[in-house]
Amino acid sequence: MTTLEHSIVMGGSMAGLLAAAALAPHSARVTIVDRDPLPVDGPDAFAPRRGVPQGGTVHRLLALGEARMEELLPGLREELLAAGAVPRAAREADPVLDEATPNEGAPAAADDPLGTDEHDAPDVDEPGTLWLTRPVLEGVVRRRVLALPGVEAVQGAVGGLLTSDDKRTVLGVQLRGGDAGELHGDLVVDAAGRSSRAATWVEGLGFERPRTLGTRVHVAYTSQRLRLREGAMPEGAESLGQPATGNSPFTIDLEPCGADEHILSIAGTARHQPPTDLEGLLDMVALLPERETADALDSALEGAEPVGEPSGAKAAGAHRQLWEETTDGPEGLLHVGDSAAMFTPLYGQGMTMAAVGAVALRDTLADDGADGLAARFPRLLGALLDRAWEITTSRDAQIPGAEMLVDGAVVEELPAAGSLVGASSGE
């Protein structure tokens, strides 16, 4: 049932693409705006994008995220396999996601689902069923979404919101660079992530700026794609890994990524920086105090050929804007993905919760239409985010030197999800 004439999505990364897929059945037109070109054909369709600097690192898609993406885009798994994703042969111990894995001095895996209801979150503690890279996942999803009726992409940056004369309703966006000009619509979805300026724009319209919660754990990654020699991995093992321990603040992973290649990734927290060159990464593996793991990794990496250059990425921690807490805001504007909650990347929650939010957006439009959506949807999404947020912040709190933030100021602990209203503000 079409309830909207034109929906505009700010941001063409995973959250924006999935939001567009959710909107497509309910909007005559959907326009995705991104600074990067969004190719669907040729080698560039599966190349890392400038707007996703973390695209070369290990990406984990949880089972819940995979299931929700399949709901939005039926047949997606088979297309990912055709594009080079590798099916997992069996459930394996995962150094971040598996609660049975020793993790002293490191964040523990989740005991409970990410969603608010059991049917929302089957087997969410398990990795998804595929090994794949972010560029392959995003490339296939982008191709599927831009093939949906009425969905298109334009290149440019959103420089501001267009509003009604009384500033109470958002009527589109002002573009700069690329396809500069104005885009008019009856719904704007903010999926611009960490670069979003929506909170500032909303405040400039005279509305309440949302409070924020966050953590600072200072994650830094270095990843290197490799072509291993035949038979390099131990018999029966698809991946190897070592979580951070009391002896080492670094998490090390060696995982398949398709095309007969693997990614060696080392992540440090609390300002511990991994080496940025392959020789340094291999030296760190060799010096691991856990000798059994070090020997297995050393053996697997012997004679490995690098594919391209190492890639690095950093993240301060988690960040959440409490849009659901604001009592007044402009009609016609929603916030999804990292624009609502950005999760510490160590735990593989970001893309999964973007998919959960997209399905919730699709379903609420189907059930209740677009009237009052800007007031209804933040509360719905906030409830879905609460459990995932508790998981990421409780894990972050176990990292030495972690800081908890309320409105940018350091506090002893964060307010518990479900009791956010009335929590003290730091500034």
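# A tour of the chain, stop by stop

Select V158 to begin: L175 of strand β7 stands opposite V158. You are looking at a predicted model.

**Stop 1**

Now widen the selection to β6, residues 157–163. Is β6 mostly enclosed or mostly open? Five of its seven residues are buried, so β6 is largely enclosed by the rest of the structure.

Six residues lie between the strands of this hairpin. Pick K167, which sits in that loop between β6 and β7. K167 is not a glycine, yet its phi is positive, at about 65 degrees. K167 counts as partly exposed because its relative accessible area is 39%, between the limits of 20% and 50%.

**Stop 2**

Jump to R271. R271 is found in the loop between β14 (261–268) and α6 (278–286). Here too phi is positive in a residue other than glycine, with a value near 70 degrees. R271 has a relative accessible area of 61%, over the 50% limit, so R271 is exposed.

**Stop 3: the parallel sheet**

Show five strands together: β5, β2, β1, β9 and β17. They form an open sheet in the order β5-β2-β1-β9-β17, with parallel pairing. At the edges are β5 (151–155) and β17 (333–335), each of which pairs on one side only. From one strand to the next, the twist averages 20 degrees.

Zoom in on β2, residues 27–34. Five bridges join β2 to β5, and these two strands run parallel. Which residue of β5 stands opposite D34? It is Q155.

Select α4, residues 134–146. Helix α4 lies across β2 and β5, at about 120 degrees to β5. Then select α9, residues 373–396. Helix α9 lies across β9 (187–190) and β17, and runs at about 10 degrees to β17.

**Stop 4: the antiparallel sheet**

Bring in β18, β16, β10, β19 and β20. These five strands form an open sheet in the order β18-β16-β10-β19-β20, and the pairing is antiparallel.

Look between β10 (residues 212–216) and β16 (residues 319–321). Three bridges join them, and they run antiparallel. L213 stands opposite R320 of β16.

**Stop 5: the cores**

Hide the cartoon and show side chains. The largest nonpolar core has 63 residues. Those touching the most other members are L18, L23, M69, L80, L137, V141 and V145. Helix α8 (residues 350–368) gives the largest share of this core, ten residues.

Centre on L18. Beyond four places in sequence, the contacts of L18 are M69, L72, V141, M351, A354, A355 and A358. Another core, of 20 residues, lies apart from the largest one. Among its members are A232, M233, I266 and V285.

**Stop 6: V307**

Select V307, in strand β15 (residues 305–315). Is V307 buried or partly exposed? V307 is partly exposed, with 24% relative accessibility. Its contacts outside four places in sequence are Q224, R225, L226, R227 and E261. V307 and H262 are 45 residues apart in sequence, while their C-alpha atoms are 9.4 Å apart in space.

**Stop 7: colour by confidence**

Switch to pLDDT colouring. The chain has a mean pLDDT of 88, and 89% of its residues reach 70 or more. Find residues 93–125, where pLDDT stays under 50. For that stretch the model has 90 contacts beyond four places in sequence. Then go to residues 421–427, where the pLDDT is also below 50. That stretch has 13 contacts beyond near neighbours in sequence.

**Last stop: the whole chain**

Zoom out. The chain holds nine helices and 20 strands. Of its 427 residues, 56% are buried. The accessible surface is about 17800 Å², and carbon and sulfur atoms account for 50% of it. Among contacts with a separation of 6 or more, 72% join residues 24 or more positions apart.

Definitions and conventions. Residues are numbered from 1 along each chain as its sequence is written. This is a predicted model: local features need pLDDT of at least 70, side-chain atom pairs count only at pLDDT 80 or more; totals for chains, interfaces and linings use all residues. Side-chain values use heavy atoms; hydrogens and water are left out. Two strands pair if DSSP finds at least two bridges between them. Helices (H or I, at least four residues) and strands (E, at least two) are DSSP runs, numbered from the N terminus. Axes are lines fitted to C-alpha atoms, for helices over the stretch in contact, and angles run from 0 to 180 degrees between N-to-C directions. Contact means heavy atoms within 4.5 Å. pLDDT is the predictor's confidence in each residue, from 0 to 100. Buried means under 20% relative accessible area, exposed over 50%, partly exposed in between (1.4 Å probe, protein chains only). Accessible areas come from the Shrake-Rupley method with a 1.4 Å probe; for residues, only the protein chains shown count as cover. A nonpolar core is a set of buried Ala, Val, Leu, Ile, Met, Phe, Trp, Tyr and Cys residues joined through side-chain atoms within 4.5 Å.
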